[in-house]
Amino acid sequence: MISRTLKHVVLALIVFIWVVPFVALVTTSLRSDVASKTSGFWTAFTPTELGHRFGTHDKGDDTAFLVMKGNIFERLNKDKDSYKVDGSIKSIMFKGRVPDPENEGKTKLIRKLVPVNEAMDVRGGEFIFQSNGDFVWTFETESAPKPKNLDVFIDQDPVFGLDAYAEVLFANKNVPNALISSFIVTIPATIIPITIAAFAAYAFAWMSFPGRDWLFVIVVSLMVVPTQLAFLPVLQGFSGVASWATSLNAMLTDCESTQTCQVASKSFASLWVTHTAFGLPLAIYLLRNYIVGLPRELLESARIDGANHLQIFTRLIVPLSVPALASFSIFQFLWVWNDLIVALYIGPSDASDLVFPIRLQKQLGTFKDQLHLLNASAVISIIVPVIVFLSMQKYFIRGLLAGSVKGG
Amino acid sequence: MRSIKPIIASNSLAIVLTIVLLLPITAIVAYIITSPLDGLMAKFGTWLHESRDWEFSVFDTQERFAKIGFAIRSIFIAVGISFLYFGVSNWLNMGLARVSSKNSEGRQSTIVEAIQPWIFVGPALVLLFLFLLVPALSTLSLSFQEADGARTSRNYAFLWDPAALGYEQFRYAMRNSLMWLILVPTACISLGLLIAVLADSVKWGIIAKTLIFVPLAISFVGAAVIWRNIFAGGGIQPQEAINGVTPSYQIGLLKSLLGHTAAYNEPLYSLQFWGNFFLMWILVWVQTGFAMVIFSAALRGVPEDTIEAATIDGANPFQMFFRIKLPQIYSTVLVVWTTLVILVLKVFDIPYALSANDDDKLLLATMMENARNNWSVGGDNVDNLFAAIAVMLMLTVVPNMIFNAWRIRREQKDMGH
């Protein structure tokens, strides 16, 4: 029986390793700015010691007093709608001058952690705090000190919020733009190749024309050509087309007055066409293998009934090929949505038109100190493909198996 | 009967010309006609903004809604044009055949059927020709040219000349590619097999498999961000650096487990040499699901009688797996292996996202990007150098290409075509 237990344990361990990064991602995205950059995500679920900074009272509030009573948590949460700090206070960082024991009459600068209930000198007054946040600040003579910012360490209770999502989706322009751009790129770059490939696959499977088999072998062998090999000439081609379009634009419209004649060589359209071309070999291969397997009698009887190829294709083949079409569309959708390199070389370079993977790659730099934002942005970029993937998993697996196992 | 070849030729020409003229003009006209949509969407956005009392600026809302408008019409136009092609060309083909066949049904269908296959495969062939075949060949020729077009082999100098641009980098890239090539497929395949076997023997296997499968849907950059939480670390200390008296926070899980303090800020994937293995692991995490799914299906296809026979002969689970099941799915393992090898050779996103400018982590694909971005000071032949590295990348894929072609040919034979 030991091997049965071992099976469960090993599998559970592997699953655990696979899932932890997701937990890290989601947890970090739900934490506050301070929490995400000062403590690990695994500390988010239990009370954890975290540093905060609070002001003793509001700026400009200069009423004189002998004793000021207040609460650290109230001060901390004053302007907060979310991530309200709660827990128990551990210590306050004291930074200041104290009499130097070695040099009589001199002071020295020290920094030390002052625990609960121990008095410390703040702006000449005596400052004592409790673990529930209450503090008392006492002066010998009535005075109106300036507010003092203190660093406090708190055993903080877990707190989560959606602020990071609100910030990247609404306050930040880049993420919504990337989301829209990714949709602009992905939807046509999925539908166009599947349309073109379905027609081609049908022709390769059921129509006779000279050179059919040779052409098919060439198309399929293009499947393994690294796309990097094509980037430079394709780019040159597009800039040729763009300069041609620019002069056409100048000829036909009055764009010169507004200086808007320039047609960009790297655009959404160039990405659609390039993704379409790069996706075609696999699409044709998968679809042709599927269509060739459909019962021959069905097609022949349709021919006898007088249907032409177009009718057979639209009325018979397309409805019958839905599983194969679905599995390729998922492949292509995921591939285009997740693609970085083609978009980097061929896609629009305007900051507002960048697709999500490029934006995310840039955010690895710009958000490196705002991990909650980085992770929230990553969650948003991941959620679309994961939903598509999970809801159409069956077709995806079928496509994988058709592409790799058949005939193996 | 007069030959119908000239008719076919003239009909084809007419169709090609119509398409070449019609599609771009339709696209441009469609874009011009639909352009007010952006403004309408912007107005709708403004209205929504005001009625919902959104906090951020109205300008942002307008911009965003205008972009959504652009997105909608772009999608419809792009997809519409591709449908228009098939509609118009087929309609033209039949119409022209009817006109030119002089009411002979036989001739009409002969003409239609001679042209129709090319209408069906035409766009695919043209696109593949223009975007893969020709560019690949022209990259090859570019790689043997100077910037001014003269023939040279100078672009490949990094192969033999220690003074050449990219000599060092190429050696790093080859060393790393070799490590990736051996370790990543091996790890994916062994883990995939292990998980497939384990998951098929426990009740909650389907959940385990789904969870391990999900990373396959995620972009490599997304995976890099995800693993950054585990591998990177340091962590900014609270408010400001405080010497040793406060707890020092380590925000990277693995770094924390390894006992790194917050002061030690270097991400694990930036370590000299060893960093490569952390980058590789990210790819293994993404791709193991792929191996697992295929092995799981293949293992289920192993004939029952061989398993029963082995059970009767008293095989233990290990013998059962290594002696009975594994040999029967050997060809599937090989297929997965070649797929992963091609993927690994082309891998770009992960090292690019996490350690773009570190020579120690270079792979051929990232070396290409470096050549284009960072080496421009080195000469005017950056593009040609880029092409040369692309050709090297191609060469590493060739053995697999040959294997794949052989496999597909055999497959076609098996299917009787």
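Chain A splits into three domains: domain 1 (2-38), domain 2 (47-157) and domain 3 (166-404), with bounds that come from an automatic or database domain assignment. Bear in mind that this is a predicted model, where local features need pLDDT of at least 70, side-chain atom pairs count only at pLDDT 80 or more, and totals for chains, interfaces and linings use all residues. Residues are numbered from 1 along each chain as its sequence is written, while chains are lettered from A and ligands numbered from 1 in the order in which they are written.

**Layout and confidence**

- Between the C-alpha centres of domain 2 and domain 3 of chain A there are 59 Å.
- The model as a whole scores ipTM 0.86 and pTM 0.87.
- Chain B has a mean pLDDT (the predictor's confidence in each residue, from 0 to 100) of 81, and 91% of its residues reach 70 or more.

**A sheet in chain A**

- Four strands of chain A make an open, antiparallel sheet in the order 2-7-6-5. Strands (E, at least two residues) and helices (H or I, at least four) are DSSP runs, numbered from the N terminus, and two strands pair if DSSP finds at least two bridges between them.
- Why do strand 2 (65-71) and strand 5 (120-122) of chain A each have one side without a neighbour in the sheet? They stand at the edges, so each has a single partner strand.
- From one strand to the next, the twist averages 25°.
- Strand 2 of chain A is joined to strand 7 (residues 134-143) of chain A by six bridges, and M68(A) sits opposite W137(A) in strand 7.

**Where the chains meet**

- Chain A puts 101 residues into the contact and chain B puts in 103.
- Helix 5 (residues 174-206) of chain A gives the largest share of chain A's side, 17 residues.
- Chain A's side has 69 nonpolar, 22 polar and 10 charged residues. Here Ala, Val, Leu, Ile, Met, Phe, Trp, Tyr, Cys and Pro count as nonpolar, Asp, Glu, Lys and Arg as charged, and the others, Gly among them, as polar.

- Helix 15 (residues 371-391) of chain A packs with helix 7 (residues 220-231) of chain B at about 145°, their axes 10 Å apart. Axes are lines fitted to C-alpha atoms, for helices over the stretch in contact, and angles run from 0 to 180 degrees between N-to-C directions.
- Among the residues making this contact are L374(A) and A378(A) from helix 15 of chain A, and V225(B) and I226(B) from helix 7 of chain B.

Note on methods:
Contact = placed C-beta atoms within 7 Å.
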